[in-house]
Amino acid sequence: MDDPRDELKAGDAERADAPDFEALAPPEEAVHGDRTRDDFLDAVLALDSPATAGEVADLAGHGVDAAREYLSWFERMGVVTKATNSPATYERNQEYLNWRRVQRLRREYTTEELIGLLEEESERATALRREFDADDPTDVAIAARAEATDRSIEAVWERLAAWQTALRRVALLERALAAESGDAADRRSAV
């Protein structure tokens with residue numbers, strides 16, 4: 001490596017005013033911007049009940065002031081709603097998140113693909129309903145089912161979770177198709 005030109009080298013006076021590198025933020029914090037947002041987003045998406053800014057900060061692994069700023073921003077976007085004012089608590093806005101998923105489904109898949117996905121998920125949900133001989137996953141007592149079928153509790157829980165996932169997907173796909181058919185009706189009536 002070549003030495004810098006003389007005019008680019010620091011003089012004696014400049015060397016005396018050298019920055020205190022120990023006082024500067026570590027490089028990993030200086031480039032932490034997008035990751036911080038993602039950490040807070042992950043934290044609020046994991047909320048099962050209203051949480052304070054301090055609890056969200058703990059989940060995200062960042063400070064309370066940053067949590068307040070991101071929660072305020074997420075509230076303006078609709079990702080969270082304020083549950084209480086004093087103390088201020090926030091909860092995940094599941095309706096908004098579902099709406100975003102429906103919009104993404106409509107954007108990424110054709111109507112035919114959505115119908116195919118709906119058929120697959122509906123068949124999966126029906127098969128699981130038959131397997132458990134129940135109308136809803138919440139109707140099944142996990143421990144009793146494990147004992148009656150000589151399966152582990154974990155195995156039964158995983159099958160019930162798969163059933164709940166299939167039901168959620170069916171609901172989202174139906175919303176995506178309903179919204180799409182509504183748009184088609186709107187387009188037809190506008191012509």
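Colour the protein chain by pLDDT, the predictor's confidence in each residue, from 0 to 100. The chain average is 84, and 77% of the residues score at least 70. This is a predicted model, in which local features need pLDDT of at least 70 and side-chain atom pairs count only at pLDDT 80 or more, while totals for chains, interfaces and linings use all residues. Residues are numbered from 1 along each chain as its sequence is written, and side-chain values use heavy atoms, with hydrogens and water left out.

Select helix α2 (residues 27-30) and then strand β1: confidence in the protein chain is lowest in α2, at a mean of 46, and highest in β1, at 96. Residues 26-32 stay under 50 in pLDDT, and the model gives them two contacts beyond four places in sequence; a contact means heavy atoms within 4.5 Å. Where pLDDT is low, predicted coordinates should not be read in detail.

Switch to a cartoon of the whole chain. The protein chain has nine helices and three strands, which are DSSP runs numbered from the N terminus (helices H or I, at least four residues; strands E, at least two). From the N terminus on, the order is α-α-α-β-α-α-β-β-α-α-α-α. Of the chain's 191 residues, 25% count as buried, meaning under 20% relative accessible area, with exposed over 50% and partly exposed in between (1.4 Å probe, protein chains only). Among contacts with a separation of 6 or more, 55% are between residues 24 or more positions apart.

Strand β2 (residues 80-85) and β3 pair in the antiparallel sense over five bridges; two strands pair if DSSP finds at least two bridges between them. V80 has R92 as its bridge partner in β3, and a hairpin of two residues joins β2 to β3. β1 and β3 (residues 88-92) also run antiparallel, joined by two bridges. Here T52 has T89 as its bridge partner in β3.

Stay in β1 (residues 51-52) and centre on A51, which lies in this strand. A51 counts as buried because its relative accessibility is 4%. Leaving out residues up to four places away in sequence, A51 touches V56, A88, T89 and Y90.

Move to the largest pocket, with a volume of about 450 Å³. A pocket is an open set of points on a 1 Å grid over the protein atoms alone, where a 1.4 Å probe fits and protein lies on both sides within 12 Å along at least five of seven lines; lining residues have an atom within 4 Å of a point. Grid points are joined across faces, edges and corners, and the volume is the space filled by probe spheres set on the points. Select R101, L105, R168, R169 and L172, the closest to the pocket's centre of its 16 lining residues. α6 (94-108), α7 (111-132) and α9 (153-190) each supply at least two residues of the lining. The largest share, seven residues, comes from α9.

Finish on N98, found in helix α6. N98 is buried, since its relative accessible area is 15%. Beyond four places in sequence, N98 touches L172 and R175.
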